[in-house]
Amino acid sequence: MKDSNCGYCMRGELLEQFGIYICDLSVSSLILFKEQSHEGRCIVAYKDHVSEIVNISDEKRHAFIDDVNRAAKAIHAVFHPDKLNYGAYGDTGCHLHVHLVPKYKDGFEWGGTFEMNPKKKFLSEQEYAFMIERIKAALQQ
């Protein structure tokens, strides 16, 4: 089930407004968040357009949480954050997804809730590509 107005479902220009597709996981997609005030910030988006985690089977929910865990391990391996924050909102997009937001003790917003899109730090295409390469390598381990 897909929604033609959803960046997670349709990818392309809709996704490119805020993220870069990295790869598919077992029941979801891993996306690099373009705004990188929190170095390594990613999103794990469920493969189908469902709003709530209660709308999927136990088996798929477990697989989704496993995907979140796999992505979190890769982020820890590559970026070495002091803490990883997890945010599952979707009030407007209504697509099940989790933000994985690395936090650093000497970094932006340490000790507080992360801002959804601070619009402060964007990278070059080469920098994004290098980050994605490193994340993909960590996922293989």
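Let's start in the middle of the protein: its largest nonpolar core has 33 residues, and those with the most contacts inside it are Ile-22, Leu-30, Leu-32, Val-44, Phe-64, Leu-100 and Ile-135. A nonpolar core here is a set of buried Ala, Val, Leu, Ile, Met, Phe, Trp, Tyr and Cys residues joined through side-chain atoms within 4.5 Å. Buried means under 20% relative accessible area, exposed over 50%, and partly exposed in between, with a 1.4 Å probe and protein chains only. In soluble globular proteins, nonpolar side chains tend to be buried together.

Before going on, please keep in mind that this is a predicted model, in which local features need pLDDT of at least 70 and side-chain atom pairs count only at pLDDT 80 or more, while totals for chains, interfaces and linings use all residues. Residues are numbered from 1 along each chain as its sequence is written, and side-chain values use heavy atoms, leaving out hydrogens and water.

Now for the overall plan. The protein has four helices and five strands, arranged from the N terminus as α-α-β-β-β-α-β-β-α. Helices (H or I, at least four residues) and strands (E, at least two) are DSSP runs, numbered from the N terminus. The C-alpha atoms fill a box of roughly 40 × 30 × 30 Å along the principal axes. Of the 141 residues, 47% count as buried.

H3 gives the largest share, nine residues. Touching, or contact, means heavy atoms within 4.5 Å.

There is also a second, separate core of eight residues, which includes Tyr-8, Cys-9, Leu-15 and Ile-43. Is Ile-43 buried or exposed? Ile-43 is buried, with a relative accessible area of 0%. This residue lies in strand S3. Setting aside neighbours within four places in sequence, Ile-43 is in contact with Tyr-8, Phe-18, Ser-29, Leu-30, Ile-31, Phe-33, His-97, Val-98 and His-99. From Ile-43 to Ile-22 the distance is 9.8 Å, C-alpha to C-alpha, and the two are 21 residues apart in sequence.

Finally, look at how the chain comes together as a whole. Residues 24 or more positions apart account for 55% of the contacts with a separation of 6 or more.
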